Every structure is written in structure tokens, then in C-alpha cells.
Amino acid sequence: MPKWYIPVAIVCGLMFVASPLLIANAPYEATMGLVQKIFYYHMPSAIMFLVAAVVCGIASARYLFAGAPHQDRVAWAAAELAVLFGIITLVTGPLWARKAWGVWWQWDVRLTSSLMGWMVAVAYLLVRQYGGAGSDKLAAGLALFGMANVPFIYISVNYWRTIHPATSVVPTLPVSMGFPLWFCLTAFVLLFVLLLKLRIYLEEERARLDSLYLSIEE
Amino acid sequence: MSTLRALVAAIMLLVASAAFAFGPPVSADNVVAQAQSQGPKQEQQNEFTPIEQLPPQEQLPAARLLIAAYVFVLAALFLYVVSVSRRVGVVRREVQRLEADLKRTGRA
Amino acid sequence: MLRAIWLIVRKDLTVEVRSREIAYTTLFFAVSCVLVFAFALVREGKPPEDGAAGILWISIAFAGTLALGRTFERERQSETLRALLLAPAPRPAVYVGKLLGIVALLILAEVILVPLVSLLFQAPLLAHPFWLFAVVVTGTIGFAAVGTLFAAMLVRARSRDVLLPVLLYPITVPVIIAGVRGTAALLQPEVDLGIVRFWVALLISFDVVFVTLALWTFEPLMTD
């Protein structure tokens with residue numbers, strides 16, 4: 001693992017420890033009250049889910065068109081993180097919604113397209129695991145289509161009548177709410193980088209194992 | 001790698017316990033009182049009107065949902081780190097075994 | 001390149017006309033699908049409200065998946081896919097040729113399904129034939145564009161039968177939703193053509209994005 005890993009991990013851990021304090025001191029939202037504080041973890045997770053999908057898509061494109069094996073590892077790692085952050089988003093969201101909207105789930109465009117994007121990430125992992133030979137390219141093709149879904153997820157909430165808050169919420173946050181949000185978002189970005197590197201490390205070790213097996217057979 | 005894993009696990013445990021210990025700085029009762037005092041302006045009440053049950057919106061304790069959300073986030077992240085670390089451990093053990101074998105039999 | 005596309009379409013058409021295997025089985029499956037929904041959802045002779053649009057598109061999706069699987073299975077068994085790829089035809093032509101074949105097959109199925117659904121669910125599907133045609137064709141093209149690419153990719157994969165739906169359905173959900181919403185808009189007592197136009201426009205943009213992506217990735221995905 002590279003030299004920056006442990007210091008960044010410590011910083012990230014400390015940020016996560018500090019975040020509940022910041023969140024608790026943030027003001028309540030007028031209509032949603034206490035439950036709105038889920039926002040400070042829900043929104044960064046959602047952003048990391050979309051970022052992971054885009055990273056997976058770009059790495060897959062580079063793998064398909066340039067053939068770099070490292071990009072294939074990045075793509076697989078990013079897909080796992082997309083599933084992870086996606087499931088966090090899809091669970092924290094309904095927990096918030098149960099109180100704020102009165103229902104666990106709504107088939108509006110933001111939720112539906114996010115769920116479908118998450119399922120594409122799960123499908124990617126299934127293909128890698130059970131697809132047999134050639135599944136790396138298959139999954140890369142799938143990831144490209146999944147990435148095309150991402151801008152749709154993000155802007156959909158501005159063009160369709162939906163109950164989910166619009167993207168104008170974040171830029172117009174008052175500082176008292178904005179600071180904890182950006183703090184948590186930074187913590188999540190650091191966490192994403194750490195987890196991505198860790199997962200890529202696993203793939204690199206697997207590749208090393210494969211080459212060892214090959215050298216034994218010679 | 002095992003020191004790294006221990007470090008990561010320790011940080012995660014620290015975060016989890018901090019989340020529980022620090023939590024919302026006030027208890028649930030105070031939260032409700034604060035929300036009510038900041039709530040919409042109402043007419044001064046002349047009499048109390050009893051109702052049998054809270055309306056559905058008031059029945060859900062928000063604190064429970066909030067804590068559930070944060071616990072889920074931390075648990076999911078922790079489980080993922082454990083999963084990756086376990087897989088790395090399996091692969092590393094295998095690599096070490098193969099390298100030992102190669103060293104013994106002499107590299108081809 | 002157009003000639004290559006035409007040759008591929010003609011080849012598929014010739015093979016199909018001789019055996020009619022895929023056409024018959026797909027049609028029968030699609031009809032059974034609709035009937036199963038009819039039996040399951042009709043209560044006391046009354047169909048569910050707005051059920052017709054959803055049922056139509058679900059049947060198209062299921063029948064389409066089946067047709068895709070069967071078509072490429074046939075290619076795999078006679079190893080014609082490899083032959084096609086080795087032939088000096090430009091790769092995008094191979095993709096477009098297969099796509100047109102699948103779209104033709106699905107439209108044939110829809111010619112039977114739309115009146116059937118209309119009949120069974122007492123839905124006035126044929127009131128605005130031009131717009132219905134637009135919705136159904138653009139939706140079919142979107143579904144088939146992704147399906148042809150994935151089915152071709154999966155020809156050499158393990159567990160290909162179950163992987164095709166796993167890969168296909170999440171990606172095509174936006175197309176299916178747009179198709180259902182567009183069809184449902186046509187079934188309203190007072191049709192708002194503006195809404196229908198919106199869904200058709202959205203379907204066209206999906207088609208453009210999917211076909212472009214598929215053409216772009218077909219070559220690297222099909223090479224070993």
C-alpha cells in the first residue's frame with residue numbers, strides 16, 4: 001500500500017468521528033425536523049454512488065478501447081463501491097422518507113432511476129463473478145451503458161414532478177447546514193479513495209497469484 | 001497488512017462508539033420540546049383537546065429512524081472493509097504458500 | 001456498408017422463412033404471456049385500470065428476451081457469428097443487420113399483441129394508430145438495440161441464458177417506462193397528444209444514445 005494510505009486513513013477516520021458532532025450542532029430544517037439530519041450522510045453517499053458509476057464507466061471504456069489491465073481492476077473495484085454506496089443511499093433515503101414523506105418508497109423518477117442504476121452495478125458484479133471467460137469485456141460493455149444512466153439520474157429531479165428535493169437545495173444551503181455537508185462530503189470522498197485503492201490492491205494480488213500459478217505450470 | 005487491518009478496524013470501532021456516545025447532544029425529549037417551541041405559531045390554547053392516538057406523522061419517532069440510518073451506514077462500511085480484508089488475506093496466504101513451494105523446489 | 005446490412009438481414013430472413021421456428025415460438029410465447037396476465041389480473045370480468053399498457057410492454061420485453069436468446073443461440077450453434085465477424089463486412093454492419101432482424105421479428109409480434117391486448121383489456125389502443133405506432137416502434141428499437149448488443153456479447157459466455165435478462169432489464173427499464181407511459185397516455189379518455197409527443201421524443205433520444213453506444217462498443221466487445 002502506498003505511503004499516503006495510512007495518514008489519509010487516519011484523517012478520514014477522524015473526520016468520521018467528528019461528523020456526528022457537526023451534524024448534531026447543525027440547525028433543524030423547518031418542515032422536516034430531526035430526521036432531515038440523515039441528509040448529511042445520505043447525500044454524500046448518493047454522490048459517491050454516482051461517482052463510482054462514472055469511474056467504472058470511464059475505466060471500462062479505457063479497458064475496452066486501450067486494453068490496459070489496470071483499468072479493468074479499477075472498473076471492478078468501482079463497481080463494488082457503486083453497489084456499496086448505492087445500498088447505503090437506498091436504505092438511508094427510505095428511512096428519511098418514512099418520516100418526511102410518510103411512505104418508505106415512491107416510484108418517482110429519481111428513486112426509480114437510482115434503483116435501476118444500482119441494479120446495473122449488481123449485474124456487473126454478477127457477470128464478473130459468474131460469467132466465465134470473456135466476462136471482463138462483457139461487464140465493461142455493461143458499465144458503459146450504466147454510466148450513460150448517471151446524468152439522467154442526477155438531473156431527472158429537476159425536470160419531472162417528483163417529491164424528492166431538487167438539485168438546487170445544495171447550492172442554496174445556509175452556511176450552518178452547508179459546512180457539515182461539505183465536511184461529510186469530503187470525508188466520504190476520502191473514504192471512497194481509500195476503499196478504491198484497497199479493492200484495487202486485492203485485484204493486483206490476485207493477478208500476482210495468477211502469474212505465480214502460470215509460472216509453476218511452466 | 002494485518003496491522004493495517006487492525007488499524008482500520010480500530011478506527012471503525014472508534015467511529016461507531018463515538019456515534020453512539022456523542023449522538024444528538026440532547027435527549028429525545030428535549031428535541032421534541034425544542035421542535036415544538038420553534039414550531040408554527042399557534043393560537044394560545046384555552047383548553048386541551050384530548051385525542052386517542054397521535055396522528056400518523058407524529059407517531060414515528062424521528063430519532064429512531066435517524067439512529068438506524070447512521071448505524072446502517074457505519075455497519076455497511078465496516079462490513080465491506082472486513083470483506084475486502086478477508087479476501088486479501090486469503091489471496092496473500094495463497095501467494096505465500098506458492099512462493100514457499102517455488103523456493104523449495106527451485107524456481108524453474 | 002448498406003449492402004452488407006441488407007445481405008445480413010436477407011440471410012436471417014431466409015433462414016427464418018424456411019423454418020419459421022423463432023417466429024412461431026416467440027409469437028406463441030408473447031400471446032401466452034398476455035393471457036397469463038389476463039387470467040391473473042382480471043377480476044369478475046373487469047380488467048385492472050391502465051393495466052393494458054403495462055401488460056403489453058412486459059410481454060414485449062419477455063418475448064424480446066426470448067427471441068434474442070434464440071436468435072443468437074442459432075448463430076452460436078452453426079458458428080455463423082464467427083463467420084460473420086471474419087467476413088470482410090464492416091462490424092457495425094453486422095450489428096445493424098442483426099438489430100433490424102430482431103426489430104422486424106418484434107414488430108411482427110406486436111402486430112398480433114396490440115390488437116390482442118386491446119381486445120382482452122377493453123382498451124382503445126387503436127384509436128390513434130400513428131402515435132401508437134410511433135411509441136411502439138421507438139420503444140422496440142431501444143429495447144432491441146441494447147438487447148442485440150448484449151446477446152451478441154453473451155454468445156460465448158457461461159450462464160448466458162440467465163445473464164441476458166440480468167444485463168438487459170436494468171438498462172432497458174427507462175425505455176420500458178417511457179413506452180408504458182406513452183401507451184398509457186394514448187389510452188386516456190381524452191388523449192393529450194403533447195404528453196404522447198414528449199414520451200416519443202424521449203424514446204427517440206434513448207434510441208439514439210443506445211444505438212450510438214452499441215455501434216461504438218460492438219467492435220471491441222466482439223473481438224477476443
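In chain C, in which helix is confidence lowest, and in which is confidence highest? Confidence is lowest in helix α4 (residues 80-86) of chain C, with a mean of 75, and highest in helix α6 (residues 129-154) of chain C, at 91. This is a predicted model, in which local features need pLDDT of at least 70 and side-chain atom pairs count only at pLDDT 80 or more, while totals for chains, interfaces and linings use all residues. Residues are numbered from 1 along each chain as its sequence is written, and chains are lettered from A and ligands numbered from 1 in the order in which they are written.

**Confidence**
- The average pLDDT (the predictor's confidence in each residue, from 0 to 100) of chain C is 84, and 99% of its residues score at least 70.
- The model has an ipTM of 0.87 and a pTM of 0.80.
- Where pLDDT is low, the predicted coordinates should not be read in detail.

**F218(C)**
- F218(C) lies in helix α8 (residues 193-222) of chain C; helices are DSSP runs of H or I, at least four residues, numbered from the N terminus.
- F218(C) counts as buried (20 or more other C-beta atoms within 10 Å of its own, C-beta atoms being placed from the backbone) because 21 other C-beta atoms lie within 10 Å.
- Leaving out residues up to four places away in sequence, F218(C) is in contact (C-beta atoms, placed from the backbone, within 7 Å) with R91(C), P92(C), Y95(C) and L149(C).
- P92(C) is 126 residues from F218(C) in sequence, yet their C-alpha atoms are 7.0 Å apart.

**Contact between chains A and C**
- Chain A contributes 21 residues to the contact and chain C contributes 20 residues.
- On the side of chain A that touches chain C, α2 (39-66), α4 (109-130) and α5 (135-159) of chain A each supply at least two residues.

Definitions and conventions. Buried ≥ 20, exposed ≤ 12 C-beta atoms within 10 Å, placed from the backbone. Contact = placed C-beta atoms within 7 Å.
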